[in-house]
Amino acid sequence: MADPHRELEHLRKLAVANPTKRFGKLLKIIRQDAFLQMVWQKVRTNKGSRTPGVAGQTREDVNEHVLHDLAHDLATRHYRPQPVRRTYIPKRGKPGQWRGLGIPAIRDRIVQAAIAQVLEALYEPLFRSCSYGFRPGRSPMHALRHAARAYRSGVTWIVEGDLERCFDSLPHSVILACLRKRIKDERFIDLIRCLLQAGVMEEGQYQRTYSGAPQGGLCSPILMNIVLHEFDCWMEEHWQANEPVTQRAHPEYARLKRSLTRWRGQLQGRIPMGRQTVDGLRRKIADAEAARQLVPSYAPRQTLSYCRFADDVRRS
């Protein structure tokens, strides 16, 4: 691979051109030395690269030989992810509450980052504009602006929901089923399955993982977005959320407007009066104008605005 950036850009162009295309040969991309070198330059700048996983390695222990061996293990299917070391950190803004954080081994972080790069190239063109969580160039502030625009367009109620333990709750079978809609490379999907099922080490005890993706995993945010993208589509397609607000004239207002146009035309001689009299037309016009002031010009319309965001900052 001469230029991994060009390879990712090629994937993005294919994804934009064909939203229903299923991609293969993805493992062949991430197992290349040049691709792992590119990913490692991003991983090593993360503060988390100084924190050891279960293997005790940090960024100081990674060199070209480690990356070459990792590429060889991926190519020969000898790569096996290690369990995630679980620690707990205080929840921001919630004193006394703690959030579990998974710390993968440094080799596994490189593989996860490589997977995340490929998935982002495939799925970012698909994600809906109402999705603001863990996406490049998007933040909770953008979601607040979405809500503000909805309020200005006539929305009167704002309901906020929270997906409790989102990263931990989704079954692996659901995650993999969503991936298969876009990916036909089973070796690539099997690699993701191995990472999801690598297990957790907590206080020296190994625990198997049957659902979810660990918080702190570099590909966990994009995997959650891929699954929740299905919910975004359901909200917009089934409930017509976020449709452009088009105002519709109130039927009674439109009827009065048509009558006034006809009566004024009769009064001005442009339309035959028939059995109407001038005084009768003037009374009708005055009554219609008074009645029209009591009717709204546009009919009220129920609209549903929906957006999804994450209250955590994006991790790279």
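Which residues does aspartate 108 touch, not counting residues up to four places away in sequence? They are Tyr79, Pro81 and Gln82, where contact means heavy atoms within 4.5 Å. This is a predicted model, in which local features need pLDDT of at least 70 and side-chain atom pairs count only at pLDDT 80 or more, while totals for chains, interfaces and linings use all residues. Residues are numbered from 1 along each chain as its sequence is written, and side-chain values use heavy atoms, with hydrogens and water left out.

**Helices around α5**

- Helices here are DSSP runs of H or I with at least four residues, strands are runs of E with at least two, and both are numbered from the N terminus.
- Helix α1 (residues 4–17) packs against helix α5 (residues 106–123) at an angle of about 30°, and their axes are 7 Å apart.
- The axes are lines fitted to C-alpha atoms, for helices over the stretch in contact, and the angles run from 0 to 180 degrees between N-to-C directions.
- α1 and α5 therefore count as roughly parallel to each other; the cut-offs are under 35 degrees for roughly parallel, over 145 for roughly antiparallel, 65 to 115 for roughly perpendicular, and oblique for the rest.
- On the α1 side the contact is made by Leu8, Leu11, Arg12 and Ala15, and on the α5 side by Gln117, Val118, Ala121 and Leu122.
- Sorted by class, the contact of α1 with α5 has 6 nonpolar, 1 polar and 1 charged residues; Ala, Val, Leu, Ile, Met, Phe, Trp, Tyr, Cys and Pro count as nonpolar, Asp, Glu, Lys and Arg as charged, and the others, Gly among them, as polar.
- Helix α3 (residues 33–43) also meets α5: their axes come within 9 Å and cross at roughly 105°, so α3 and α5 are roughly perpendicular to each other.
- α3 contributes Phe35, Leu36, Met38, Val39, Trp40, Lys42 and Val43 to this contact, and α5 contributes Ile106, Arg109, Ile110, Ala113, Ala114, Gln117 and Val118.
- By class, the contact of α3 with α5 has 11 nonpolar, 1 polar and 2 charged residues.

**The sheet**

- An open sheet of 4 strands runs in the order β2-β1-β3-β4, with mixed pairing; two strands pair if DSSP finds at least two bridges between them.
- β2 (98–103) and β4 (205–207) are the edge strands, each with a single partner strand, so one side of each has no neighbour in the sheet.
- Ignoring direction, neighbouring strands of this sheet are turned by 40° against each other on average.
- β1 (residues 84–90) and β3 (residues 200–202) run parallel and are joined by 2 bridges; valine 84 has valine 200 as its bridge partner in β3.
- β1 and β2 run antiparallel and are joined by 6 bridges, and tyrosine 88 stands opposite glycine 100 in β2.

**Buried polar and charged side chains**

- Aspartate 108 belongs to helix α5 and counts as buried because its relative accessibility is 3%; buried means under 20% relative accessible area, exposed over 50%, and partly exposed in between (1.4 Å probe, protein chains only).
- A polar atom of the aspartate 108 side chain lies 2.9 Å from the backbone nitrogen of glutamine 82.
- Aspartate 232 sits in helix α10 (residues 220–238) and, at 0% relative accessibility, is buried.
- The side chain of aspartate 232 makes polar contacts with the side chains of tyrosine 306, at 2.6 Å, and arginine 308, at 2.8 Å.
- A polar contact is a pair of N or O atoms within 3.5 Å; within protein, one must be able to donate a hydrogen and the other to accept it, and residues adjacent in sequence count only if both atoms are side-chain atoms.
- Beyond its neighbours within four places in sequence, aspartate 232 is in contact with Arg128, Cys130, Ser131, Tyr306 and Arg308.

**Two loop residues**

- Serine 49, in the loop between α3 and α4 (64–76), counts as buried at 1% relative accessibility.
- A polar atom of the serine 49 side chain lies 2.6 Å from the backbone oxygen of asparagine 46.
- Tryptophan 157, in the loop between α6 (140–152) and α7 (166–169), is exposed, with a relative accessible area of 73%.
- Tryptophan 157 and serine 305 lie 148 residues apart in sequence, and their C-alpha atoms are 9.9 Å apart in space.
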